[in-house]
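Student: Can we go through this one piece by piece? I would like to start with the core and then look at the annotated sites.

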Amino acid sequence: MILLLLTTVLALAAAYFYRFWNVREKRQVELRKIVERKRAERAESVKFAKQSAEKLDVETRNWIASLEYSELKEGLQSGTISCIDAVRTYYFKAIQANEKTNSVCMFVKEAEQWAMEWDEKAKDPEFKKPPMFGLPMSLKECVPLQGYDQTRGFVQDTFHPTETDAVLVQQLKKLGAIPYVQTNVPQSLLSYNCSNPVFGTTNHPMDKSRTSGGSSGGESALISADGSILGIGGDVGGSIRIPCAYTGTTGIKPSHLRFSHRGVCGSVPGRPLINSNDGPMSTRVETNVDFLRTVWADTWITEQDPYVPPVTWNEEAYKSDKKLKIGYYTDDGWFTPTPVCQRAVMEAKQILEDAGHTLVPFRPPRVPEVLIMFLRAVCVDAGKFLSNKLMNDIIDPLLYTQVVLWMVPVRVQRFLASFIRVFFPRLGNLMNAMTLSTVELRNTYADIEAYRSEMAALMIDQKIDALLCPVTVTPALPHVAPSKLFAGTSYTGIFNLLDYAAGSVNVTHVTKQDELDLESDYEASDPWYALAKNSSRGTIGFPIGVQVATPPYREETCLRIMREIEFGVTGK
């Protein structure tokens, strides 16, 4: 009887999985056809951009292409450069960068029309040019742009173009900027590699075997490869800062309170405390400053979205010569960075001390607990939304390790954690991150609010104005590594949990001595450290950034410190 019952159960299970697999395989065939259509559409957009770029004579194009941001902006304002010539130049530059990095999702065909319309308006002597008149700008693919998809790397979300621009895009168009290209993201946005089944894998400009970071990896690759002069990324756990650190570019994640989120689709909807925010990315801090100075010049954003406080740009804070007290750390007590990432912080510390600031040792409390809070609040429902999306999609192979975490039932994860903790304590710790219940999630929200209060008290009591620390634990990783090394995001994720402003600025490059120090001084004491060490080999010459963070509404101070570090490194 027992044998018969067992046989029946096994037969029913086999029938269920056969049906499930059969349905999924049919769906996969449908999805692959959709990918073919979408890639054909992208090829057409590349063809259009190429034809448009070829209408501009080479001499003019090369001249515009050589200009710095401030020079391009001045030329557009003075009329020595037309909007259409600027757009066609950046079509060309983005095509070249894309051939090297696969960073482009779609070229924006309407950019040509928008440029011509601005040029026509400029013929009127009474016309007053807006401050970003004619500036070509790149956009991360998940930034809502009317008439274009925001797939977030999901095949199922292709051919569903958004009906309205994001508030930020509306403002950019009002200010005269011209979105001309969308850039690639990882599937789900919750990864710091940059690959999806729709548009493929974006690679680092210096090495095709390595990632440009994520989730704003398309932006960082395009900017680093000289295909964009200014772009918009998004950041929920390091998605602007890690790509910038990997590619030697610079960007800032403002507090989510200073930009509108109306109509913006996040990686996981219904996430109240861990908020993504858009932010500028470029090769120079001053370019990001000019962008934020412009969009925060008035309360226009607040007028479109009453949930955004009417906080405008604080030029006095940015230009202040007041000496600051800055806390710094090279190790957060959870994941020790490789030697070069620690060296970068110490070099930035010296630059700031030479500028007259006071640098004091600081370590944020309870980072292992913070990482559990962060992961639980980011996924909200223990990964159910993401697993449902992924099971109805083609899963990108580079996401497999993370998908397993979302697929395994939480109770099974907790059971396995007690055994894994014996030989791999850190992984065992994180296997308790996914929530079991709404009660547990509510407690986590309370813990996050308490941690924010604790950090505020620490900063106030110690009179600390800002923090300086690594961006992440390694130089740019091979494509397969980020999903296996998600624990390395503790340095960035903490500032999303705190909702601080945080930016990345390049300080140094990996040297031969750094590689020697990696071999002699960096102990591979568990699988994560072994992966970090192995993945950091062969990165001589790769850029290394540092992170600056400040409390909300003090983005200008964050940018001031970033600019001082940049000046100390470059002398300009």
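**Core and annotated sites**

Tutor: The largest nonpolar core has 164 residues, and those with the most contacts inside it are Leu72, Leu172, Phe291, Phe335, Leu468, Phe495 and Ile565. A nonpolar core here is a set of buried Ala, Val, Leu, Ile, Met, Phe, Trp, Tyr and Cys residues joined through side-chain atoms within 4.5 Å. Buried means under 20% relative accessible area, exposed over 50%, and partly exposed in between, with a 1.4 Å probe and protein chains only. The largest share of this core, 10 residues, comes from α13.

Student: What sort of model is it, and how are residues numbered?

Tutor: It is a predicted model: local features need pLDDT of at least 70, side-chain atom pairs count only at pLDDT 80 or more, and totals for chains, interfaces and linings use all residues. Residues are numbered from 1 along each chain as its sequence is written, and side-chain values use heavy atoms, with hydrogens and water left out.

Student: What does leucine 172 touch?

Tutor: Not counting residues up to four places away in sequence, leucine 172 touches Met132, Met137, Leu139, Ala177, Ile232, Phe291 and Val295. Contact means heavy atoms within 4.5 Å.

Student: Back to α13. How many of its residues are buried?

Tutor: 11 of the 13 are buried, so α13 is largely enclosed by the rest of the structure. Helices (H or I, at least four residues) and strands (E, at least two) are DSSP runs, numbered from the N terminus.

Student: What covers the buried residues of α13?

Tutor: The cover includes α15 (400-407), α16 (410-423), α17 (425-430), α18 (438-461) and α19 (490-498). Just after α13, valine 380 takes a positive phi of about 65 degrees.

Student: Different topic. Which residues carry the "active site" annotation?

Tutor: In the unreviewed UniProt entry, that annotation covers Lys140, Ser215 and Ser239. They are spread over 100 residues of sequence but cluster in space, with a largest C-alpha distance of 10.8 Å. UniProt positions are given in the numbering used here, feature names are shortened, and annotations may be inferred rather than shown by experiment.

Student: Where does lysine 140 lie, and is it buried or exposed?

Tutor: Lysine 140 lies in strand β2 and is buried, with a relative accessible area of 2%. Leaving aside neighbours within four places in sequence, its contacts include Ser215 and Ser239.

Student: And the faces of β2, are they covered or open?

Tutor: Both faces are covered: Pro136, Ser138 and Lys140 on one side and Met137 and Leu139 on the other are all buried. Five bridges join β2 to strand β3 (residues 178-183), and the two run parallel. Two strands pair if DSSP finds at least two bridges between them. Leucine 139 stands opposite glutamine 182 in β3.

Student: Where is serine 215?

Tutor: Serine 215 is in the loop between β7 (207-211) and α7 (217-224). It is buried, with a relative accessible area of 2%.

Student: What does "binding site" cover?

Tutor: In the unreviewed UniProt entry, that annotation covers Leu189, Ser215, Val236, Gly237, Gly238 and Ser239. They are spread over 51 residues of sequence, yet the largest C-alpha distance is 10.9 Å.

Student: Where is glycine 237, and what does it touch?

Tutor: Glycine 237 is in the loop between β8 (231-235) and α8 (241-247). Leaving aside neighbours within four places in sequence, glycine 237 is in contact with Phe374, Thr489, Thr492, Gly493 and Asn496. At 13% relative accessibility, glycine 237 counts as buried.
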